[in-house]
Amino acid sequence: MRILEGKGVTKYFGGLAAVDNVDFYVDEGEVLGLIGPNGAGKTTLFNLISASLVPKPGTIEYKGRNITGLKPYKICRMGIGRTFQTVHIFADLPVYDNVRVGALFGTSTKISAAEAEKETEELLEFVGLANVAQIPARDLTLSNQKRLEVARALATRPVLLLLDEIMSGLTNTEVAQAMELVRKIRDRGVTIIMIEHVMKAIMNVCDRIVVLHHGQKIAEGSPKEIAKSPKVIEVYLGEQANVGS
Amino acid sequence: MQYLFYAIGFLCLIYAGWFMEWLLGKERKGKWFVPGVLVVALAMLATFPLYAKGYTPILMSTIIMYVILSISWTIFSGPTGYMSLATAAFFGVGVYTAAFIGKSVPLPVFIIAGGVISSIVALLVGALTLRLRGIYFAMFTFGLILLISNLLLFYELHVFGTRGRFVVVMDYNTIYYAMFVLFVVLLAVAYLIKSSKYGLALQSIGQYEEAAAHMGINVTMVKVAIFAVSAFFAGTMGATIATRWTYVDPIIAFNPLFSFLPVLMAIFGGMRKLYGPIIGAVIFAYLQETLITRFSELYMLIFGVVLVAAILYMPDGLVGLILKLINKWRKGGSKAQHADT
């Protein structure tokens, strides 16, 4: 079943088309990879889906309902969670409270303070931050800050989760851990769209990949098809093409 | 003797704020002690006019006024970091509510009316301007003071032909008690907001507004609502103090100092804790009262020096500094334990 579908999604910044007439869809339960060179429009597409920006023209449907133009908090409560490329954590708040915000506000169903706390503890355990719950979020390592972003987004009980480069800047070990985390999230039944430059991760974790270049969709397919596509190799993968195998 | 009363009154005020903060905390030590002392402190504040005669209750009510203005400013601007300079505007709206209807309705009615009208102004202004951040928001809220006061001046001169008007006069004890009640209500409201999920929402808005919106917080609604609550108390305060002034005109009622002073007091005292603004307001208001009579030219200069020093050397205010020192002292005492862990 298609959980999210974009039709002719376009966004101009001045005269520049950051996202240009892109059609895309996500099936329930899959992990969709979004790749492309820097400036290809990947994060802009995330901003359009999560309603930071409004597409013009174009429509985005979530579970068959047109969600174009809704406010970000509504999108979140409907079940679309996101993380940010440059971490947007609440730096002075304890790690614990960062996640609790998501639990308290992220769903349209009422949640008691006790339930929110229980969920917060469970999620901190899930991403492996339980032992640093009380320290200010700014004191975490980059890798842990990215995990915190994931936990905070998960606290809003997303059906669809947008992960924006959660592996960039991490060491090899940390990347392996992050890949494991993505798999664990998928196993919870959450549909995922992830932007990533770490090819090893993209090729191993994703069920399907969409490639953007200059705001346009230039390829779409399984990791194997993408790795072999001459067009993708030319604009993006280059020498890396064999990384996934 | 008079100074003893000041000291007792000030300590009671600060203690009441500290108590609210203590209620928030998870580790509560000395369970019987704290509520017991609160009862005594509130009882002392409540009976203050009975044994402190003359000028003392008047000074005390001025101080409580600044305490209330400063806490009400902190409710919104503390956690969100939105620098509101509109306190004087809401205060002035309260003053003029008392001036317009004070003679025809009883005291509690026009005090609450002053608060309600201020909140309505805050709702309108907030919905329009809370998308502005930083310096733009500060400038707009400052402009609001000038806008309302000049509109009022124009209206008074052209409709009534006079510049100011006389306000119904209340005796000092009545004013003191009205302020005392408002103080207790405000402490309770500030405590409820801070400990509720909306307090957490305000903090996350202050930390990263965009992320807060994507965590499901209706940021516009939360900001405007709390801004209106903050304006309510500034408005009630204006309506109360107006009855002590006898005569008001728009320039007196909308004095921008009522915007600046609460901000200075809150920063000086420290905004992290509820009792921070109280400490700041008590010290500043007392200083103002004494300095203005003795060194009327120098007092703003002294304020300025103290504030600059506070911002440079005490980023979390007086309270932050004291807590830091206490922590250091405690750590120094328990080094042996830390060595094991």
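## Exercises on a two-chain model

T246(B) lies in the loop between α11 and β2 (247-248) of chain B. Helices (H or I, at least four residues) and strands (E, at least two) are DSSP runs, numbered from the N terminus. This is a predicted model: local features need pLDDT of at least 70, side-chain atom pairs count only at pLDDT 80 or more, and totals for chains, interfaces and linings use all residues. Residues are numbered from 1 along each chain as its sequence is written, while chains are lettered from A and ligands numbered from 1 in the order in which they are written.

Step two: apply the burial rule. A residue is buried if 20 or more other C-beta atoms lie within 10 Å of its own, exposed if 12 or fewer, and partly exposed in between, with C-beta atoms placed from the backbone.

Repeat the exercise for R157(A): what is its phi, and is it buried or exposed?

Step one: R157(A) sits in the loop between α5 (142-155) and β7 (160-164) of chain A. Step two: its phi is near 50 degrees, again positive in a residue other than glycine. Step three: R157(A) has 20 other C-beta atoms within 10 Å, so it is buried.

Now take the peptide bond from K56(A) to P57(A) and give its omega.

Omega is near -5 degrees, and the bond is cis. P57(A) belongs to the loop between α1 (42-49) and β4 (59-62) of chain A.

**Exercise: helix pairs**

Two packed helices are described by the angle between their axes and the distance between the axes. Axes are lines fitted to C-alpha atoms, for helices over the stretch in contact, and angles run from 0 to 180 degrees between N-to-C directions. Angles under 35 degrees count as roughly parallel, over 145 as roughly antiparallel, 65 to 115 as roughly perpendicular and the rest as oblique.

Classify α5(B) against α7(B).

Step one: helix α5 (residues 87-101) and helix α7 (residues 134-160) of chain B pack at about 25 degrees, axes 8 Å apart. Step two: α5(B) and α7(B) are therefore roughly parallel. Step three: list the contact, where two residues count if their C-beta atoms, placed from the backbone, lie within 7 Å. α5(B) gives A88(B), A89(B), G92(B), V93(B) and Y96(B), and α7(B) gives L144(B), I145(B), I148(B), S149(B) and L152(B). Step four: sort them. Ala, Val, Leu, Ile, Met, Phe, Trp, Tyr, Cys and Pro count as nonpolar, Asp, Glu, Lys and Arg as charged, and the others, Gly among them, as polar.

Classify α8(B) against α11(B).

Step one: the axes of helix α8 (residues 172-195) of chain B and α11(B) come within 10 Å and cross at roughly 170 degrees. Step two: α8(B) and α11(B) are therefore roughly antiparallel. Step three: their contact residues divide into 11 nonpolar, three polar and one charged.

Classify α3(A) against α4(A).

Step one: helix α3 (residues 95-105) and helix α4 (residues 113-127) of chain A pack at about 125 degrees, axes 9 Å apart. Step two: α3(A) and α4(A) are therefore oblique. Step three: the contact of α3(A) with α4(A) holds seven nonpolar, one polar and three charged residues.

**Exercise: chain A against chain B**

How many residues does each chain give to the contact?

Step one: chain A gives 23 residues and chain B gives 15 residues. Step two: on the side of chain A that touches chain B, α3(A) gives the most, with six residues. Step three: that side of chain A divides into 10 nonpolar, seven polar and six charged residues.

**Exercise: buried positions**

Decide whether A266(B) is buried or exposed.

Step one: A266(B) is in helix α13 (residues 257-269) of chain B. Step two: A266(B) has 26 C-beta neighbours inside 10 Å, so it counts as buried. Step three: look along the chain. S72(B) is 194 residues away from A266(B), yet their C-alpha atoms are separated by 9.9 Å.

Which residues touch I217(B), leaving aside its neighbours within four places in sequence?

They are Y73(A), F105(A), A201(B), S204(B), I205(B), A212(B) and V222(B).
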